[in-house]
Amino acid sequence: MALLDILHFPDPRLRRKALPVEVVDDALKKTVEDMFETMYDAPGIGLAATQVNILQQVAVIDVSEDKNEPRCLINPNIIEREGEEEMREGCLSVPEIFAHVKRAQKVTVEALDLEGKPMTLEAEGLLAVCIQHEIDHLQGKLFIDYLSPLKRDRLKKKLLKAQKTAQTEPSGARAPSL
Ligand code: NI
């Protein structure tokens, strides 16, 4: 296994759209293993392939406390959304920035599993948020895109400052990074 480099905003490569996976083969399984290792190491609760400069529609997720519920979604597609909720999000590609984002409370997603078999997953709460966040990544979208231009500008300045001084926020202000 190997740790992969995570791209950071404003890297334009984060804006590229991932392509559908055509064959689930050993090379893809190796990529997924590396993505899990990278996500757990970061640490984060979700990672999309575009974040590690791989243009394939693959996301790995583990929202469990004990980090023992790994989920891999290949070619994920949300077929149903229900309700609305707002959660504080962070992102491994936008370090030190946390913001509230409105998303569907419940989603139904179709995807392939690691065996290449179609599956359907119903998710709510944090898992639903994470799935929506990672699918956005695969489409070149970041969570800060949901904020008002004013707020985004403020966060961008804060981010650039943090990158310069390598300052970190007090732990109380943190949120899971997806
Ligand atoms: Ni993210």
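Modeller: Let's start with pairing: two strands are paired if DSSP finds at least two bridges between them. Strands (E, at least two residues) and helices (H or I, at least four) are DSSP runs, numbered from the N terminus. This is a predicted model, in which local features need pLDDT of at least 70, side-chain atom pairs count only at pLDDT 80 or more, and totals for chains, interfaces and linings use all residues. Residues are numbered from 1 along each chain as its sequence is written, and side-chain values use heavy atoms, with hydrogens and water left out.

Colleague: Thanks! With that rule, over how many bridges do β1 and β2 pair?

Modeller: β1 and β2 pair over three bridges, in the antiparallel sense. One place to look is Gly46, whose bridge partner in β2 is Ile61. On to the next pair: β2 and β3 are antiparallel too, over four bridges, and Val60 stands opposite Cys72 in β3.

Colleague: What is the strand order in the open sheet?

Modeller: Five strands make up this open sheet, in the order β1-β2-β3-β6-β7, with antiparallel pairing. β1 (46-48) and β7 are the edge strands, each pairing on one side only. From one strand to the next, the twist averages 40 degrees. Helix α1 (residues 26-41) packs on the sheet, where α1 touches β1, β2 (58-61) and β3. Contact here means heavy atoms within 4.5 Å. For directions, axes are lines fitted to C-alpha atoms, for helices over the stretch in contact, and angles run from 0 to 180 degrees between N-to-C directions. The direction of α1 makes about 40 degrees with that of β2.

Colleague: How do I read burial, and which residues of β2 are buried?

Modeller: Buried means under 20% relative accessible area, exposed over 50%, and partly exposed in between, using a 1.4 Å probe and protein chains only. Both faces of β2 are covered: Val58 and Val60 are buried on one side, Ala59 and Ile61 on the other. Beyond residues up to four places away in sequence, Asp34 touches Met1, Ala2 and Leu4.

Colleague: Which residues touch the most other members of the largest nonpolar core?

Modeller: A nonpolar core is a set of buried Ala, Val, Leu, Ile, Met, Phe, Trp, Tyr and Cys residues joined through side-chain atoms within 4.5 Å. The largest one has 17 residues, and Ile61, Leu73, Val107, Val109, Ala123 and Ile131 touch the most other members. At least two residues come from each of β3 (71-82), β6 (106-112), β7 (118-124) and α2 (125-138), with α2 giving the most, six residues. Ile131 is in contact with Ile61, Leu73, Val107, Val109, Leu121 and Ala123, leaving aside neighbours within four places in sequence.
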